[in-house]
Amino acid sequence: MICIPITSRTNKEALHAIERSCPLADFIELRMDLIGRGNLAKLISTIRDNSGAVKIIVTCRKKDEAARAGVAARIKSAVKSKEEKLALLKEAIELGADFVDIELAEGNKAINELKSLCAKKGGKSKIIISYHNLKETPALIELKEIFNQCAKYKPAIVKVVTTARTVEDNLITLNLISHARKRSQKIISLCMGGKGGISRAIAPFMGSYLSFATLEREGQSAPGQYTVYEMNQFQEWFNGRRTETLVPTLSLRKSLPKNYVLLGNPVGHSLSPLMHNAALKKMGIDENYSAFCVQDIGGAIDGLRGMNIRGASVTIPLKVAVMEYLDEVDEDALEIGAVNTIVNNNGRLAGYNTDWLGLIITLKKALTIKNKTFVIVGAGGTARAAAYGIIKEGGHPVIVNRTMEKAKNLSSKFGCSFYLLSEIGRIKGDCLINTTSVGMYPDVDKSPVKIETQARYKYVMDVIYNPLKTKLLADAEKQGCHIFPGLDMFVHQGAEQLRLWTGKEPPRALMKKVISERLTQIE
Ligand code: NAP
């Protein structure tokens, strides 16, 4: 049975909340310590007018208890003294409330006064004796003793509510329900607080007399309360009437949704979310990919472990920095010295590099890499991935860069020759690959090399994919070269990420379609 507490700031709001609650509630609890200038007679008669079936509980907590329950801002009008409180509960009995809730701590005299008034009025109103612990959950043996003290007054219901400091605390209050049932004493027992959610959901199924739920989240009378909607979902679920898992607040799902993120800075213009989300949808995977602009890579990696993030893409400028935060880095990524993909295996993070794969898959669509010479323009991270993949496939990379030092470093790592960019006219090969950002939007009329250079190559590739056809590629086409747009590499590196995350083959043609359509729109 569901009890909706009315905690409104004013009497008028409370009347409105009652009208909305009556169709949903079995019980309505009037929290007279929280309702500002509450007119008890009017509130009770409004409930009766709206429903003959809803039972009324009248409660008036101590001011400090209401404050500690997280509703301090609302308690200006709270009844302050013990006498005022007792008078209010007596008024509730006179008005025919079904239950009045009095704390065990109010003592013998107050409890007995209420009991005799109930008897005098023919027993229509009944007593709930309650114990609230706002700090912790005492040991079961202590709670049983508290329960016994409440039960000795022979109230209609004993209410024992504690605060869960650990998830295990829920077991203690749930255990108390069995203890009470064995003694044929009606009980409401649960834990408050974020960790007490389990007891709130399960207590009704264990035999707790009722459970508290709010109309909206803001209407909580105690921390951790669920909404009526959520409580109804629990009921359907535990009763086997709902098979799908719709319970986000509890970790009760068999398999939690797996989500994916892009970590980089900046990421605002990234097309990865568009591509990955389209692919996930087509693959029938109800999961999501979103981009995050990262200031602190260590913190972001902690977040991956702490949250249910199944995988991540890593982009500029984090591909190298991220490596030290991972539990393992695969051999290819170690050799390249950069990670663009993270797989989260139950909290253990593994780093991979799919840039080289994207580039190699693209090239292999039109040529055999073995024994061919690839002139790579640039000596940054993408050039490293390209050189690594080409060597792995039996090809020969040659590094050409604007800055001598970087070209030298890269070539010594992979044991290949290097040239300054200004010397590019001196060399030739089978395929020219641009790995610099020259020619990228908005500098679309720029090319890293002069148009005559392309004539020395049968194949020309650009890793830039915005614009779809860079000036380098347009010039190469004019020279009769076979061209490889950066879009193909982008799609394949993304598809390889999805394969690592999901173990399934992604829809590469669709991924290419959505990105080329978006880029065409932008152009
Ligand atoms: P990076 O590590 O910063 O390296 C950039 C390289 O470009 C450096 O060697 C730099 O030369 C050179 N460079 C920059 N401006 C230049 C200029 N004006 N003239 C001549 N050379 C210049 O960058 P990265 O991570 O390798 O990324 C490079 C590009 O690849 C980016 O545009 C990125 O978007 C693209 N990318 C595409 C894909 C894809 O899937 N299609 C994947 C990864 C990356 P210095 O050494 O002289 O500074």
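**Exercise 1.** Explain why the ligand lies between domain 2 and domain 3.

*Solution.* Domain 2 (258-353 + 492-514) and domain 3 (357-484) both give residues to the shell around the ligand, so the ligand lies between them. Domain bounds come from an automatic or database domain assignment. This is a predicted model: local features need pLDDT of at least 70, side-chain atom pairs count only at pLDDT 80 or more, and totals for chains, interfaces and linings use all residues. Residues are numbered from 1 along each chain as its sequence is written, and side-chain values use heavy atoms, without hydrogens and water.

**Exercise 2.** Describe the shell around the ligand.

*Solution.* Start with the count: 24 residues surround the ligand (a heavy atom within 4 Å). The closest are A379, T382, N401, T403 and V463. Next, sort by class: nine are nonpolar, 11 polar and four charged. Then look at helices. α14 (381-392) and α18 (486-502) each supply at least two shell residues. The largest share, four residues, comes from α18.

**Exercise 3.** Find backbone atoms that face N or O atoms of the ligand.

*Solution.* Take V463: a polar backbone atom lies 2.7 Å from a ligand nitrogen. For G486, a polar backbone atom is 3.2 Å from a ligand nitrogen. The protein buries 77% of the 930 Å² that the ligand exposes when taken alone (Shrake-Rupley method, 1.4 Å probe).

**Exercise 4.** Describe how domain 2 meets domain 3.

*Solution.* Count contacts: nine residues of domain 2 touch 12 of domain 3 (heavy atoms within 4.5 Å). Their C-alpha centres lie 26 Å apart.

Methods:
Polar contact = N/O pair within 3.5 Å; in protein donor to acceptor, adjacent residues only side chain to side chain. Nonpolar A, V, L, I, M, F, W, Y, C, P; charged D, E, K, R; others polar.
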